[in-house]
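Work through the following exercises with the coordinates open beside you, and try each task before reading its solution.

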Amino acid sequence: MYLTCHSYYSLHYGTLSIDKLVAQAQAQGLRYLGLADINTSAGAFEFVQQCQEAGIKPIVGIAFWQGGQHLYTGIAHNHEGLHHLNSFLTKHNLSGKSLPAQAPILPHTAFLYPYTPKLPPPDALPEGHYVSLTPQQAVAASIRLRKADRLVLTQPITLGAPADFLLHCYLVAIGRNILLTQLQKDWVCSRTAHWLAPGQEASLRQQFPELCRQTDHLAAICDFTFDFGQRLNKNVFGASPAADRLQLTALTRAGMLERYGPKHAEAAIRVERELKVIFDLGFTAYYLITWDLISYSMRKGYYHVGRGSGANSIVAFCLRITDVDPIELDLYFERFLNPKRSSPPDFDIDYSWTDREDVQRYLLSRYEEGHAALLGATITLQGRSIIRELGKVRGLPKAEIDRIIREPSSPYVTGSQTFAKMVRVGYQMESFPAAHSIHAGGVIIADKPLSWYTALIMPPKGMSTAELDMYEAERIGLDKFDILSQRGIGHINEAVSLVQQHHGIAVDIHNIPALKADSQIADKLYQGDTIGCFYVESPAMRQLLLKLRCREYITLVAASSIIRPGVASSGMMNAYIQRYNDPASVQYLHPVMEEHLGETYGVMVYQEDVLKVCHHYAGMDLSDADILRRAMSGKNRGTNAFERIRQQFFDGATALGRPPETTQEIWRQVSSFGGYSFCKAHSASYAVESYQSMHLKTYYPLPFYVAVINNFGGFYSTWVYVHEAQKAGGRLHTPSVNHSQLTTAIVDLEGDAADVFVGLVHIQGLERKWMEAIISDRVSFGPYLGIEDLAIRLPMPFDQLRLLVKTGALDLTGQSRKLLLMKAHLLAGQPVKTSLGLPALNPPLRIPPLQEPPDQALDNALDEVELLGFPISLGWFDLVGTSWRPSVTKRSLPEYLGQYVKVMGKLVDTKPVTTKHGERMLFGTFLDHEGEYIDTVHFPPALKAWPVYGHGIYLIYGRVTTEFNVYSVEVAKCKVLPGKIGWEV
């Protein structure tokens with residue numbers, strides 16, 4: 001009688017995860033179990049899989065609710081029945097129409113109406129429709145219902161135990177965004193919506209044999225099974241599988257000729273080997289679909305980066321899905337695809353944030369409606385956000401909620417029953433699903449309609465989206481296509497466009513071999529001059545490049561991997577740096593390590609290194625080696641599969657006569673490294689994009705930095721890139737109503753110098769409609785003559801005019817901003833138009849004579865900092881309350897090695913870390929008064945005595961140190977310098 005259970009996928013209602021629900025059912029000894037979550041089937045396949053493993057017959061359905069009221073529950077007789085239920089729900093999700101009060105008649109389904117006295121007689125319902133009674137309702141209505149047909153007895157499950165009712169009430173209150181005390185009885189489940197007590201079901205079967213027989217009959221006709229080892233992807237791209245194989249072969253061979261030339265034997269052998277695996281495993285259409293979307297985006301002029309383990313494939317390289325040559329980097333195809341891989345691989349394709357949505361829409365439009373959708377995601381309740389939600393529904397003030405979060409174990413919390421109860425409930429709902437959302441970029445495509453596996457929703461983005469998340473898609477075997485976006489590609493795209501616009505040069509940003517061989521790019525890398533460049537601009541990465549004296553692609557690929565937190569914290573990064581700088585001192589554990597890890601000096605840097613060691617040292621085939629690599633993740637360690645593959649490693653090493661102590665040490669390194677290692681192909685893809693950024697920075701620095709500013713996606717705040725644009729020859733101007741566009745624009749480029757007008761979008765608080773109106777009216781009727789002309793043409797309120805004045809956007813006539821501000825008070829909101837709607841030539845506005853107060857450059861600069869985030873009228877150091885400047889700068893640090901010095905710097909970035917003793921320390925980056933970057937180290941004692949309080953200009957006293965020729969200041973003291981009028985800059 002447990003046909004209609006709710007799990008926590010019944011958002012803000014159910015209290016049981018799928019695994020708890022099934023485990024409790026197994027403990028009850030149930031033969032069958034039904035899941036019917038509210039307006040979703042998101043947990044259906046997780047439920048089916050766990051029931052199959054537990055020996056319980058799964059029954060799947062959907063509870064259809066409208067406006068908080070339960071209308072009816074659909075039960076799928078089989079998989080096709082779930083398809084019809086999902087289709088019915090999808091239709092209403094996508095159209096926005098209300099659910100009908102009467103359930104539809106759908107093939108292979110049954111519908112259960114919750115019993116109410118107002119229902120028509122059950123026998124009057126359509127075939128396959130039933131009235132469902134709870135045990136309490138059956139007892140109350142036993143005389144009238146004993147002989148009725150089409151009645152079923154169902155015990156609803158929302159709670160795992162009676163004590164879960166409090167958790168349920170909190171969830172409902174959070175979902176409705178109301179106080180706990182405002183909950184109404186009809187909004188929550190019955191306090192009896194939990195498992196029946198021992199013996200209670202047997203008693204009900206004796207009391208209501210016909211109801212129970214009818215219920216068991218309905219359960220008996222349901223038969224939902226699923227093979228979780230299959231793949232459900234779209235397996236035909238063209239007319240037939242055979243035609244697909246011919247097309248992929250032809251495209252790959254043509255691409256191989258372009259990439260490698262006509263006589264590259266190794267490439268030809270590898271291409272044929274890969275194609276055979278692709279054909280045998282049924283990934284032909286997957287490659288062709290990806291090739292098709294890449295072809296589309298290239299026709300549109302969109303720049304893309306193919307990254308991830310897919311870059312291990314030479315076929316992907318030949319199809320221009322990626323720009324990483326797997327032969328050059330000795331990448332193993334098995335890392336991407338092999339016969340023993342149980343989970344489907346995927347390509348990660350990055351686009352500019354401005355282009356990604358169009359590519360997604362193209363991909364969705366290419367396939368029959370309902371067969372493709374965006375991949376969903378599940379937002380879960382986590383950590384502090386849970387306590388905030390619980391505090392809100394309890395009506396607690398924000399200050400109290402903040403204190404509970406800060407001090408969860410303090411007597412203030414544990415001594416209060418209310419607070420302690422909140423914390424306990426918070427732990428219970430940790431990781432509960434809270435909302436359906438959209439995956440970062442995944443698209444799923446299937447041969448069958450997706451309603452066989454999921455209902456679809458329509459988020460604000462306007463593209464149909466599956467309720468399935470990536471884990472469920474992988475569980476049931478649906479391949480996904482990751483169409484991602486990143487700002488780094490956006491600035492490359494825009495920089496290329498700006499170079500074409502202002503220099504008349506078409507940059508071939510995909511000529512990767514030429515970029516790798518460019519000596520000027522190599523010089524920039526060697527100097528760590530990489531601000532603004534994708535993945536290589538952070539302080540830690542710039543220091544790493546300097547320590548490695550990086551000049552070439554291979555070293556940059558390694559740097560892109562060892563900078564990862566796991567590798568760095570394990571000591572592998574330091575070992576690599578030391579060996580790189582002193583290769584003669586390297587002692588290899590075994591000749592195999594020297595032969596196959598010589599490129600990285602015996603240090604495992606990439607995931608592929610795990611494959612190499614397992615294959616060449618222990619004799620494992622590459623497919624098994626990749627299984628071991630994937631088993632290294634924390635969730636798989638300790639499983640039977642992991643132990644079996646571990647034993648295979650030792651058995652293989654023994655069979656090859658490897659020394660046991662060496663084998664043990666190599667295994668220690670493999671197992672400690674594999675869990676957090678980085679895919680070499682991924683690092684290589686990042687390095688390619690870094691080279692593309694570096695090329696633009698090296699040869700076209702001003703367009704490059706303007707593009708970085710306009711894409712808002714670098715490592716640093718915008719003011720850092722404004723500074724770099726000025727260094728690159730840009731004459732920066734405040735926003736201007738006569739020259740600025742929405743984003744920052746180059747005007748009058750002359751050689752490497754140009755006027756650059758900050759975009760209107762940088763004015764904090766200026767509404768988008770007024771930005772667009774300013775530009776539109778200027779295009780239609782010409783430049784503005786002054787603030788009076790602007791006020792006549794656009795009915796801007798004072799608060800918006802004030803922003804334009806204070807940021808210099810109305811510095812048109814040489815009048816002071818203080819005078820303009822006085823005029824703004826008089827002019828705001830007083831438009832004058834002719835009968836034609838055009839601006840009047842002689843507006844009848846009268847402004848009384850005003851005495852012009854003098855402008856203060858400092859006041860103007862401070863307004864710019866407040867509203868733009870950076871000064872333009874003055875430099876940062878002009879705002880300091882002293883004209884003194886230290887003689888020591890970044891350039892002169894080598895002269896003072898080991899000595900204590902004073903330096904002055906504008907704080908750029910901080911990286912707080914915790915020492916092994918639990919103390920807080922800091923790495924800092926500051927901009928000195930010459931415009932160069934100084935790196936600092938703040939050890940715990942100094943940081944505690946002289947904290948870094950946020951952005952400002954600091955006076956720093958410390959000792960100059962060096963590590964592998966990278967100079968920094970070990971801070972002894974530091975403090976923020978006051979501004980000229982007491983303002984901290």
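The exercises below treat helices, single residues, cysteines and loops in turn.

The structure is a predicted model, in which local features need pLDDT of at least 70 and side-chain atom pairs count only at pLDDT 80 or more, whereas totals for chains, interfaces and linings use all residues. Residues are numbered from 1 along each chain as its sequence is written, and side-chain values use heavy atoms, with hydrogens and water left out.

**Exercise 1. Describe how helix 14 and helix 15 pack.**

Two packed helices are described by the angle between their axes and the distance between the axes. Helices here are DSSP runs of H or I with at least four residues, strands are runs of E with at least two, and both are numbered from the N terminus. The axes are lines fitted to C-alpha atoms, for helices over the stretch in contact, and the angles run from 0 to 180 degrees between N-to-C directions.

Step 1: helix 14 (residues 383-394) and helix 15 (residues 398-406) have axes 10 Å apart, at an angle of about 145°.

Step 2: the crossing of helix 14 and helix 15 is right-handed, a term used when the near helix is turned clockwise from the far one by less than a right angle, with anticlockwise giving left-handed.

Step 3: a contact means heavy atoms within 4.5 Å, and in helix 14 Arg384, Ile387, Arg388, Gly391 and Lys392 meet Ile401, Asp402, Ile404 and Ile405 of helix 15. By class, the contact of helix 14 with helix 15 has four nonpolar, one polar and four charged residues, where Ala, Val, Leu, Ile, Met, Phe, Trp, Tyr, Cys and Pro count as nonpolar, Asp, Glu, Lys and Arg as charged, and the others, Gly among them, as polar.

**Exercise 2. Find the buried residues of helix 37 and state what they pack against.**

Step 1: buried means under 20% relative accessible area, exposed over 50%, and partly exposed in between, with a 1.4 Å probe and protein chains only. In helix 37, Arg817, Leu819, Leu820, Lys823, Ala824 and Leu827 are buried. These residues lie on the same side of helix 37 because they cover an arc of only 150° around the axis, the arc being that of the directions from the helix axis to the C-beta atoms.

Step 2: the buried residues of helix 37 pack against helix 35 (787-793), helix 36 (798-806) and helix 38 (857-868).

Step 3: leucine 821, also in helix 37 (residues 817-827), is partly exposed, at 23% relative accessibility. Apart from residues up to four places away in sequence, leucine 821 touches Phe798, Arg802, Val805 and Lys806. Its C-alpha lies 8.2 Å from that of leucine 801, 20 residues apart in sequence.

**Exercise 3. How many disulfides does a search of the whole structure find?**

Step 1: a disulfide is taken as a pair of cysteine sulfur atoms within 2.5 Å, and the search finds zero. Cysteine 5 is in no disulfide, the nearest cysteine sulfur being that of cysteine 51, 9.2 Å away. Cysteine 614 is likewise in no disulfide, and the sulfur of cysteine 679, the nearest, is 16 Å away.

Step 2: cysteine 5 is buried, with a relative accessible area of 0%, and cysteine 614 is buried at 0% too.

**Exercise 4. Where are serine 431 and asparagine 965 found, and what is phi in each?**

Step 1: most residues other than glycine have a negative phi. Serine 431, however, has a positive phi near 70°; serine 431 is found in the loop between helix 17 (417-428) and strand 10 (433-445), and is partly exposed at 35% relative accessibility.

Step 2: asparagine 965 has a positive phi near 70°. Asparagine 965 lies in the loop between strand 20 (953-963) and strand 21 (966-976) and counts as exposed, at 59% relative accessibility.
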